[in-house]
Amino acid sequence: DLDVLANGHDRALWMFLNRDVLFRHAEEVRYTDERRRGRSWDGFEAQPNLLVSQNPVALEAFKAALRARFSSNNVHVDIFRRVRPTFDGEDCELVQITIYREGRLDDFLAFDNGDLVRRARRPVFEAAMTYEPDTGVIEVVANDRESREEMVRFMARDLLGIEFDSKKVPLRTYDLGVLLQPCEFTTDLEDGIDTVEIRQLRLMPIDTV
């Protein structure tokens with residue numbers, strides 16, 4: 001059905017209208033991958049080739065731990081299989097666990113018949129984890145740094161059935177000394193470029209870890 005649609009916007013709209021759960025999963029994938037390796041991210045090592053349990057008892061234990069940790073009345077968990085493209089063109093198999101939890105009572109400004117009023121609400125906070133069976137790596141994305149390791153611990157205990165030892169994925173080290181040396185960039189006259197000056201560089205991982 002998607003192949004006959006004209007472009008990505010049409011396919012996204014079709015999914016939004018006809019497959020709302022899968023559309024939400026796509027949003028969760030984007031949320032996770034856009035924040036990967038950023039300030040909201042942590043990575044941990046665990047055992048490979050484990051099964052992420054979706055047994056109702058295990059899932060309820062996981063949700064109960066989250067409710068207790070965040071003093072939240074309501075927690076929703078999505079678990080689904082997905083892939084992540086790698087630099088060499090292959091697909092990395094993952095299991096994603098997305099968590100929505102209800103926050104404490106808050107208020108926000110709104111208009112009611114033209115009048116500015118305050119309305120009460122309980123905001124919903126999102127966090128996500130991925131488990132890569134081939135390597136055993138667990139990645140977690142959440143704004144609250146202190147809670148990331150705890151959520152991975154709950155997930156390892158309740159959904160993977162293992163004891164979590166808090167071993168983080170090793171950090172990469174880079175030798176950037178070469179950037180201290182002047183470097184001339186060749187230019188082509190037909191491109192109309194006279195000089196090239198680098199103002200900022202960013203590092204990007206090119207593998208699955």
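Predicted model: local features only at pLDDT ≥ 70, side-chain atom pairs only at ≥ 80, totals over all residues.
**Entry 1: charged pairs**

I looked up Asp42 and Arg148, whose side chains meet in a salt bridge with an N to O distance of 3.2 Å. Asp42 sits in strand E1 (residues 41-45) and Arg148 in helix H4, so this pair ties together parts that are 106 residues apart in sequence. I noted that both Asp42 and Arg148 are buried.

I then went to Arg84 and Glu139, which form a salt bridge at 3.8 Å, N to O. Arg84 belongs to strand E2 and Glu139 to strand E7 (residues 137-141), so parts 55 residues apart in sequence are tied together here. Arg84 has a relative accessible area of 5% and is buried. Glu139 is at 5% relative accessibility, and I wrote it down as buried because the cut-off is under 20%.

My next pair was Asp107 and Arg118, with their closest N and O atoms 3.4 Å apart in a salt bridge. Asp107 is in strand E4 (residues 106-112) and Arg118 in strand E5 (residues 115-121), so the parts tied together are 11 residues apart in sequence. Are these two residues buried or exposed? Asp107 is partly exposed at 35% relative accessibility, and Arg118 is exposed at 60%.

I also found one network in which salt bridges with shared partners join Asp33, Arg36, Arg82, Arg84 and Glu139.

**Entry 2: strand E3 and its partners**

I looked at strand E3 (residues 91-102) and found it mostly covered, with 10 of its 12 residues buried. Which way does E3 run against E2? The two pair in the antiparallel sense, over 11 bridges. As one example, I traced Val83 to its bridge partner Glu93 in E3. E2 and E3 form a hairpin with five residues between them. In the turn, Gly89 has a positive phi of about 90°.

E3 is also joined to strand E6 (residues 124-131) by eight bridges, and these two strands run antiparallel. There I traced Tyr100 to its bridge partner Glu126 in E6.

I looked up Ser71 and Ser72 in the loop between helix H3 (56-70) and strand E2 (75-85). Ser71 has a phi near 50°, which is positive although the residue is not glycine. Ser71 is exposed, with a relative accessible area of 54%, whereas Ser72 is buried at 4%. A polar atom of the Ser72 side chain lies 2.9 Å from the backbone oxygen of Asn74. Leaving out residues up to four places away in sequence, Ser72 touches Arg67, Arg101 and Glu102.

I then checked Ser166, in the segment after helix H4 (145-160). Ser166 is not a glycine, yet its phi is positive at about 65°. Its relative accessible area is 25%, so I put it down as partly exposed.

**Entry 3: the whole chain**

I ended with the overall chain, which has four helices and seven strands. Its radius of gyration is 22 Å, well over the 17 Å that the globule rule gives for 209 residues, so the chain is more spread out than a compact globule. The C-alpha trace spans about 65 × 55 × 40 Å along its principal axes. Of the 209 residues, 33% count as buried.

How values were computed. Residues numbered from 1 in each chain as written. Heavy atoms only, no water. Buried < 20%, exposed > 50% of the residue type's maximum accessible area, 1.4 Å probe, protein only. Polar contact = N/O pair within 3.5 Å; in protein donor to acceptor, adjacent residues only side chain to side chain. Contact = heavy atoms within 4.5 Å. Pairing = 2+ DSSP bridges. Rg over C-alpha atoms; globule rule 2.2 N^0.38 Å. Salt bridge = Lys/Arg side-chain N within 4 Å of Asp/Glu carboxyl O.
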